[in-house]
Amino acid sequence: MTRRHETAQRPKQVHLAAHFPGVNNTTVWSDPASGSHIDFSSFASLARTAERGLFDFFFLAEGLRLREHKGRIHDLDVVGRPESLTVLTALAAVTERLGLAGTVNATFNEPFELARRFAALDHLSAGRAAWNVVTTSDAFTGENFRRGGYLDRADRYTRAAEFLATARELWDSWTPDGRPRPFAHRGRHFSVEGEFTAPRSPQGHPVVIQAGDSPEGREFAASAADVIFTRHGTLEAGREFYADVKGRLAKYGRSADDLKIMPGVTFVLGDTAAEAQEKATEIRRDQVSPQNAILALEQVWGVDLSAYDPDGPLPDIDPDPDSELVQGRVKITDPFAVAAKWRALSEAKGLSIRQTVIETTARQSFIGTPDRVAADLTEFVRTDAADGFILVPHLTPGGLDDFVDRVVPLLQERGAYRTAYEGTTLRSHLGLREPVWKG
Amino acid sequence: MPSLHLAVAIDRADTHQAAPYLESALLAEHGSLDFVTLGDSFARPGPDALAVAARIAPDTARIGLVPTVTTTHTEPFHVQAAVATLDWVSHGRAGWALDVSATEAEARLFGRRRAAPREELWREAGDVADAAARLWDSWEDDAEIRDVASGRFVDRDKLHYADFAGRTFSVRGPSIVPRPPQGHPVRVVDATAPQARETAARHADVALVRAASAERAAAARAELRGLAARFGRDPRTLLVFAALDIDLGDGEHAAEPGHGGGPLPTAGGPAYRGGPVDLAELIADWHRAGAVDGFHLTPAEPRRDLERLVNGTVALLQHRGLFRTFYPGSTLREHLGLARPANRYAALTGESA
């Protein structure tokens, strides 16, 4: 594949985005520096830091039902969050250039209303809106919605693809000179017609982000997304994914530059390599409390393990593959294989339950001095393992301060990162073209 | 005499930028008005009202922000979460004007169901208001505990399933958004249409009525408050505002001889046409007569009339001591003199928690 060059002279640039850390065990809520996950000031503060660091966008995940464990609300991680689009629209008032990306489900929404809300975000932010399209087929989540849980798993992507296509028809329904024209869409999932309420927005269409590593997810992203949010944390896995996804673009008439690949990554900085490692170990211990260790084990085994000592050995009983113990999380497809792997690791290294969970579940992608981290990030991008990164700090709202103060200047010194925003819209930050108007 | 309340519509014809809305909201805030409203409909060009309210929230400090959000064709769970979030981002200044989408044209934009009669839609709106209030209560205020010793971020005994089952939808809950600063954001219902009256009496904090005289306004207010009492509410928790279109383009005083500064009946309801001074007279008279708790005014010419309203009418009312000159509180409920609602689920468990 030909390497991407933004200009003839300039090497491939790193793109950066910030994830507001929320409902997961990446977030260390027990840290005294951990602030509110609800107050607007936390969002404003983290977003301003991201903008100070010249990031492309600020990313919010979505929750539609509180997770449950053993039929009760999960209480060990951060629970609860404000609604994404409303927070992002408010953030448009306190930032000027930062892209504003919201995760919104295509299963429990309707194209007309959502296309309208994203058009509003794009207008009110002067061209900084992005939509991370996700789906769910989960009847558990469906209990909060009119539609319920009827949707077949197989229909997830077909509905999402038609949803997005319909939204694009709506965004294209006004002429570029501002006249509304009637639209009509008749399809398998949607049959809608009328007149859209908003003129074409500053970016033409909000940037579309898609997350998902499955073959269907990759294909959907290659056909329709501007950014793909992945999990591939190692250089090899990243390159393989990158080549695979970019290789799928041509058949949709798209070029490699039309889709940006941005893994979600964590980082830990220290003045020395040893100090960074020590800090990383500490964070992982904080992320996996004794209670969280048992819970992680129960998610694999599917049985009640509350009688086990988190500092003791792994249970020698078999997992229950038909378990309904866990709700609102992705189910592990082969719990026997995972359990066997964990047991082998625990025996080989003499690890307790908690230590095993720390070893197997804590994701830390870039650990080291600011110089090391800047070098690693640059290498990932220059060797086509990624186009950039969505950084997931473990603290709210101060978790990006160190990165922006210490790593960003080093990326700039390397010529790998912008020293000022060059445009005003998110599309311009990402180097994406405005979509052609299909009138 | 009870406090006088004033609210104003800051709608613009087809503007999708934030600046004009912000300018109006700041002017209204300068006049210490209770709240501004932003109308909405899926059937006409214009921006999403809740989005506009969220966009101007950080740039305003005290004024209440009340967008219209329809309860037809929308998801009750999403709507309550968005309104609760508006309350979070505005630090307790959110309201929600409930409305229904009754036309076939709106139904076709969604393609999910046919248009339905207004009676049915307002009944559903009542269900949505009820479900939303339950979801807002589904988190007790002190549910987040961050107890490091037990590893628990929340006390799950303080989170509750709403388990709402209505005629057209059901919601399990709890909400994803913790209970908003006001407990319940302020709910506004235009009770002019008879089909909306019961929903207003059951669920609204502020009901709007259109009346051409103080007597008619007083009668409408008495009827609504009587209904509220029949539904088991303390009628004093339902404020009734007269909704009035205003055209202040005619100098200082009313230019329409013969109607004594009162509103004229028009196809769209009573409209006041005249000067800011006479409008202040009308407001003072109606308020002195105890006809209404406040006024919701819709300027004919957004920029000109709002400016005349704030610098003329409101200034005069303030000068006469009939209207506040500053905000003594910070939330919309405080402006309106409405208490923060108790949490229905916390009340059930009492001190046992």
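# Reading the domains, barrel and interface

User: How is chain A divided into domains?

Analyst: Domain bounds come from an automatic or database domain assignment. Here chain A is divided into domain 1 (15–266 + 365–430) and domain 2 (277–362). The model is a predicted one, in which local features need pLDDT of at least 70, side-chain atom pairs count only at pLDDT 80 or more, and totals for chains, interfaces and linings use all residues. Residues are numbered from 1 along each chain as its sequence is written, chains are lettered from A and ligands numbered from 1 in the order in which they are written, and side-chain values use heavy atoms, with hydrogens and water left out.

User: Which strands form the closed barrel of chain A?

Analyst: Strands (E, at least two residues) and helices (H or I, at least four) are DSSP runs numbered from the N terminus, and two strands pair if DSSP finds at least two bridges between them. In chain A, eight strands close into a barrel in the order E1-E2-E5-E6-E9-E10-E11-E15, with parallel pairing. As one example, E5 (residues 99–105) and E6 (residues 129–134) of chain A are parallel and share six bridges; Trp131(A) in E6(A) is the bridge partner of Gly102(A).

User: How many salt bridges lie between domain 1 and domain 2 of chain A?

Analyst: A salt bridge is a side-chain nitrogen of Lys or Arg within 4 Å of a carboxyl oxygen of Asp or Glu. Between domain 1 and domain 2 of chain A the count is two. Lys70(A) meets Asp304(A) in a salt bridge at 3.1 Å, N to O. Lys70(A) also forms a salt bridge with Glu298(A), where the closest N and O atoms are 2.9 Å apart. Lys70(A) sits in the loop between strands E3 (68–69) and E4 (72–73) of chain A and Glu298(A) in helix H9 (residues 290–301) of chain A, so this pair ties together parts 228 residues apart in sequence.

User: What area is buried between chain A and chain B?

Analyst: The size of an interface is often given as the accessible area lost when the parts come together. Buried area is computed with a 1.4 Å probe and summed over both parts. For chain A and chain B the value is about 5,400 Å², of which carbon and sulfur atoms give 58%. In contact (heavy atoms within 4.5 Å) are 60 residues of chain A and 64 residues of chain B.

User: How many salt bridges are there between chain A and chain B?

Analyst: The count is eight salt bridges between chain A and chain B. Elements giving two or more residues to the side of chain A that touches chain B include helix H2 (84–94) and strand E8 (191–194) of chain A.

Definitions and conventions
Buried area = accessible area lost by both parts, 1.4 Å probe.
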